[in-house]
Amino acid sequence: MRGHGRGAAHGEADALLAVATMACPMPPFPWSLAEIQSQLRAGELSPRQVLRASEEAIRTQEPRIRAWSWLGLSEARARARRSEAAAGSEGTSPLLGVPYAVKDIFDTAGSPTEWGTETQRGRVPDRDCDLVAKLNSLGAVLVGKTHTTAYAYYDPGPTRNPRDLGRTPGGSSSGSAAAVAAGMVPLAVGSQTQGSVLRPASFCGIAGFKPSYGLLPLGGVMRFAPTLDHAGLLAATAADLRVAWRALGFETGSDPSGVAVLDWPPGERVEPSMAAAFRAAAQSLAAAGLPLTFATRPAFFETLPAALRTVMAREAATEHGDRYRRFGRRIGAQLAALLEEGLEIGEERYRAARRVLLRCRDAFAEWAVRHPVVATPAAPGPAPRGLGSTGDPRCNAPFTALGAPAISIPLPTAPGGEPMGLQLAAAPGGDAGLLATAALCEALLARSG
């Protein structure tokens, strides 16, 4: 064991990371991303077999989950068949033959991209967005498009939470999180402007990663608030997310870090079940030897929510104000209210809010030198009951506003308990260290359980 004040020897950390996939609960998809890669190379599995597992899960789970807005299984079979020749070769992409899903605000050539709204019904792009083009070039197999809330805001879509059909899956990456949680695909693409990757991940009991601002391309993706928009990834585990991140060409070799527990959001805004699960996880990590400290919430956190709201409302009105004038509340009642607010925000107030965000980002970078990775709840509690709300993004929104990488991993809960997530975040650019730390925490929590 190692003490709270010093990091583990690299050998111990490396050993834990090497078995992270085995130490964590079995992913709902039959194989982890690392297992798919190794078994394809060994000739023990073929891309078509992997896809058949996805198809079978869709056949059995989709009628009750409703994760998909469009399925392209014929096209997916053709892609899997084409990738078989390369499956046994050395040096192939870790994503070769991996079925994946894409949120329905990411353009896909020749298939519907309708933004979760009937006002865009029949919209079919003629080219793939940049991120889909990249994934396809790596041999990943696009299975289809997943439901989003209308225009990726709060007005819910039809998707249900695979862990409890009477609870929301979260939003706005509702279908992407549900498709992974139900074992229909091992990897999905989502987006986050406040908490739309990490919150659904927390509610559905999977891992969700929002990288540093600008690292994943947004060309060909519906814009909402460009200062805040991020693409993100969802998978069963942080170990899987590291595989995907490395396959996309990003560095993953950093050593894990100690963790600073941050009092955010203020305690009275966290439900008792989340507070208890979060506290127990922190105790388990400390007992397992993870260097753990407690950090005072920096003052600039208090100014972030109002500045984020101003920037988001104004930029959303710039992007979608004309659609509101044309369609009115058909675009969604909650989105309409935001756009009405944004249309009233003047240039001076908007620019002042942008300056606040920039100052906070600078302050966070300085503060994070002492606290490279921070831990908070990933949501105020478990997924709310009912399908009329997608939950509260207050836990995630500050890190989105800061352009910081953040990840949610499942917290240990009692048997039969509702899923909840542990959020870890780092300063912008700290993605590799954050993923390494998340995978280590994942392994330690599984070991302690």
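Contact means that heavy atoms lie within 4.5 Å. Leaving aside its neighbours within four places in sequence, L424 is in contact with a set of residues that includes V259, V373, P405, I407, L434 and C441. The structure is a predicted model, in which local features need pLDDT of at least 70 and side-chain atom pairs count only at pLDDT 80 or more, while totals for chains, interfaces and linings use all residues. Residues are numbered from 1 along each chain as its sequence is written, and side-chain values use heavy atoms, with hydrogens and water left out.

**Nonpolar core**

- A nonpolar core is a set of buried Ala, Val, Leu, Ile, Met, Phe, Trp, Tyr and Cys residues joined through side-chain atoms within 4.5 Å; buried means under 20% relative accessible area, exposed over 50%, and partly exposed in between, with a 1.4 Å probe and protein chains only.
- The largest nonpolar core has 144 residues, of which L95, F399, I407 and L424 touch the most other members.
- Helix α11 (residues 304-327) gives the most to this core, with 10 residues; helices (H or I, at least four residues) and strands (E, at least two) are DSSP runs, numbered from the N terminus.

**Aromatic rings**

- Rings of Phe, Tyr and Trp (its six-membered ring) pair if their centres lie within 6.5 Å; planes under 30 degrees apart count as stacked, over 60 as edge-to-face and the rest as tilted.
- By this rule there are 12 aromatic pairs.
- The pair F29 and W31 is edge-to-face, because the ring centres are 6.0 Å apart and the planes stand at 65 degrees.
- F29 is buried, with a relative accessible area of 2%, and W31 is buried, with a value of 18%.
- F364 and W367 form a stacked pair, 6.1 Å centre to centre with 25 degrees between the planes, and both residues are buried.
- F364 and W367 are 3 residues apart in helix α13 (residues 347-367), and are therefore separated by about one helical turn.
- Ring pairs link W264, F300, F301, F364, W367 and F399 into a cluster.

**Strands**

- Two strands pair if DSSP finds at least two bridges between them.
- Strand β1 (residues 68-71) and β3 run antiparallel and are joined by 3 bridges, with L71 opposite G144 in β3.
- Strand β2 (residues 99-103) and β3 run parallel and are joined by 5 bridges, with P99 opposite V141 in β3.
- In strand β3 (residues 141-146), 6 of the 6 residues are buried, so β3 is largely enclosed by the rest of the structure.
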